[in-house]
Amino acid sequence: MRVGGSFANPTTTGVRVQINDPVGRYGLVHDSWPVWTSDTDNPSIVASTGYPMCLPRVDPATGDDPLCPKKNRPVDAQGKPLTTLDFEAPPVIAGHPDPNLFAPFAVDDFIIYSGIVVEDGGGRLVAAYSIEANLGFYTKPGTKPAYIRIETMQAGINGNPAGEIAETRVEGYITDETATIDIFAIDVDPCTGVETERPWGNAVPRAAGRRGQWRFRSKDTTLSPYTREVGTRIAIGTVDTPNGITAGQLISPYPPDGYIFPELILFGNPEIPHEFNLLPFLALGSGPWLGGIPGIPPTATGPIVGQLSPWPGVTQPVPIVCPVIDPLVPIANAGADITSLPGKVVALVGSVSNADLPLDGLTFRWNQTAGPAVSLVNSTSPIASFTAPTVTVVTSLTFSLTVSNSKGSSTDNVMVVINPTQVDHITFESVTWKSGHGSGTLTVIASSDITSSKLFLRQILILPQSR
C-alpha cells in the first residue's frame, strides 16, 4: 500500500509500505526480511482499540478475502468506510460484520507505521512490523472474542533505596469496555526455559475518558523480579480465531526504555549504578534457544542462553550452572497442592512442563506415597481421582506423578490436605459497577480459602420503607 500520496497519482506517489508478515497473518506472505517482522501471535497490525487489521489477499474490486472480508468495513450513506464500529455478538447474521475476523484497511485511513527501510525490485519501501490505524472498533460487551492492545509499559525497578522508585505501569486499550484484564509477569526457568505466570493484579476500562482505555499502575515493590515479557488476558477467557491468533490475550516485551532504575533524589550524592542483577533474564539467562523467527519451526534442542556477557553491572551475580538435560525427557508437573473436605472427590491433574514436547509416547503413573491409603481411579492417565477419606483431624496425603517416554522420565509430587473442620472464608477484593447504554456491568473479584471452590452471587433487593 502507499501512504501519504496523491489521489491524482496514487500508484507512484507517497511511501510504499508493506506488512513484514512471514506467515501471512495480516495479508499476503512477505518473508524477505526476517529480522524485524510483525508479531504473528500478538497482533501488531491493529486499530487504536486493539482490533486486528489486515490487507486483502485478493483485489477487492474482483473478489473478497474470507479472512479479511469487505463486510468488516461497512460504509456510510456516501459510500465512505466507517471509522467507528460496534460489532454484534457472535454468531452474527450472514453478511454482517464478524468480530472473529480481521478488518481490512481502507483508502483514507489515518495510520501510524513503524518498520525498516529496505529495497526490492520496485525500489525502496518500508517493511512495517507495526501499524496503528485511527479506528474505533469495539466488540459486544461480555462476549468473546475481544482484543487487547498494550500502549505503555514501564517497570519501576525496586533497587537502591537512595533513589526514587518509579511507578510500574501497563496501560492500553480493549475492544470490550466492560472486561476485567488480568496482568501477569512471565517468569522463565533459566535452565529449562519453562514459563510460569505470576499474577500482578487486574484493571478495568476507565469509566470516563477514551472508550476502552485501561490502566494498571502500582508502586508495590513485591512485583519484582521484573521479567522480559508481561502478559494480559481477559478474565472471561480467550478464543482462537480463524486468522490464527488467540483473541483475549496479549504478551508483550518491555520497550527499550521500559526499565526505569532508581533515580538520584539529592543532587551531589554519589550516582546510583544501574542494578542489572535485578533483571533475571540478564543475570541468570532464559533457557534453551529454540529459534524465534516467525514462520520457521522451532528446533527440538538448542544452546542455553545464560548470563549476559560481558556483564554490564557493578556487581556480577553468580552464573547459574545448568545440569545437562535432554529436552525430550518429559518434565512431570503434578499441579498445585490441594485442600479438600472429607468425602469429596479429589482430582489430581498432571501434565508436562516441556514446551512443544510431543505427547505421543508419553506414559503417566500416579502413586500414593504418604497418608491414609486411598483407591486411585485412572492412575495411569494424566488426570486421576480419589475420594477423600473420613478423618477427624487435619490429615495430609502425598501423591507422586511419574511421566515417561523413550528418552527418560521425571517425577513430581503434590500434597492433598483433608481438613474436616475447614470453613470457607470468602473475601471480596473489589466490587465495581459500570453503567452504559441502558444497562450495566457488575464486576466482583473475590477469593476463597478452598481450592477449586465455586462462588455463587445472589442479588438481594432492598425496598425503601414507606412512611
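Q: How many salt bridges does the count come to here?
A: Start with the rule. A salt bridge is a side-chain nitrogen of Lys or Arg within 4 Å of a carboxyl oxygen of Asp or Glu. By this rule the count comes to 14 salt bridges.

Q: What should I know about the model and its numbering?
A: This is a predicted model, where local features need pLDDT of at least 70 and side-chain atom pairs count only at pLDDT 80 or more, while totals for chains, interfaces and linings use all residues. Residues are numbered from 1 along each chain as its sequence is written, and side-chain values use heavy atoms, with hydrogens and water left out.

Q: Which helices and strands does the secondary structure come to?
A: Helices (H or I, at least four residues) and strands (E, at least two) are DSSP runs, numbered from the N terminus. Here there are 1 helix and 33 strands.

Q: Are arginine 73 and aspartate 109 buried or exposed?
A: Buried means under 20% relative accessible area, exposed over 50%, and partly exposed in between (1.4 Å probe, protein chains only). Both arginine 73 and aspartate 109 are buried. Their side chains meet in a salt bridge (2.9 Å, N to O). Arginine 73 lies in the loop between β4 (53–54) and β5 (84–86), and aspartate 109 in the loop between β6 (103–104) and β7 (111–120), so the pair ties together parts 36 residues apart in sequence.

Q: Where in the chain are arginine 211 and aspartate 86?
A: Arginine 211 is in the loop between β14 and β15, and aspartate 86 is in strand β5. They are 125 residues apart, so look for a link between distant parts of the chain. Their side chains meet in a salt bridge (2.8 Å, N to O). Arginine 211 is partly exposed, at 33% relative accessible area. A network of salt bridges links Asp86, Glu177 and Arg211.

Q: Which residue forms a salt bridge with glutamate 151?
A: Arginine 149 does, with the closest N and O atoms 3.7 Å apart. Arginine 149 is buried, at 11% relative accessible area. Glutamate 151 is partly exposed, at 43%.

Q: How many residues does the largest nonpolar core have?
A: In soluble globular proteins, nonpolar side chains tend to be buried together. A nonpolar core is a set of buried Ala, Val, Leu, Ile, Met, Phe, Trp, Tyr and Cys residues joined through side-chain atoms within 4.5 Å. The largest one here has 28 residues. Trp200 and Tyr254 are among those with the most contacts inside it. Elements giving two or more residues to this core include β10 (148–156), β14 (195–203) and α1 (280–283). β10 gives the most, with 4 residues. Apart from this core lies another, of 25 residues, among them Tyr26 and Phe137.

Q: Which residues form a nonpolar patch on the surface?
A: Patches are made of residues with over 30% relative accessible area and no salt bridge; like charges are joined within 9 Å, nonpolar side chains (Val, Leu, Ile, Met, Phe, Trp, Tyr) within 5 Å. Accessible areas come from the Shrake-Rupley method with a 1.4 Å probe; for residues, only the protein chains shown count as cover. Ile426, Phe428, Val431 and Leu442 form the patch, with about 380 Å² of accessible area together. Phenylalanine 428 is in strand β32 (residues 427–436). At 47% relative accessibility, phenylalanine 428 counts as partly exposed.
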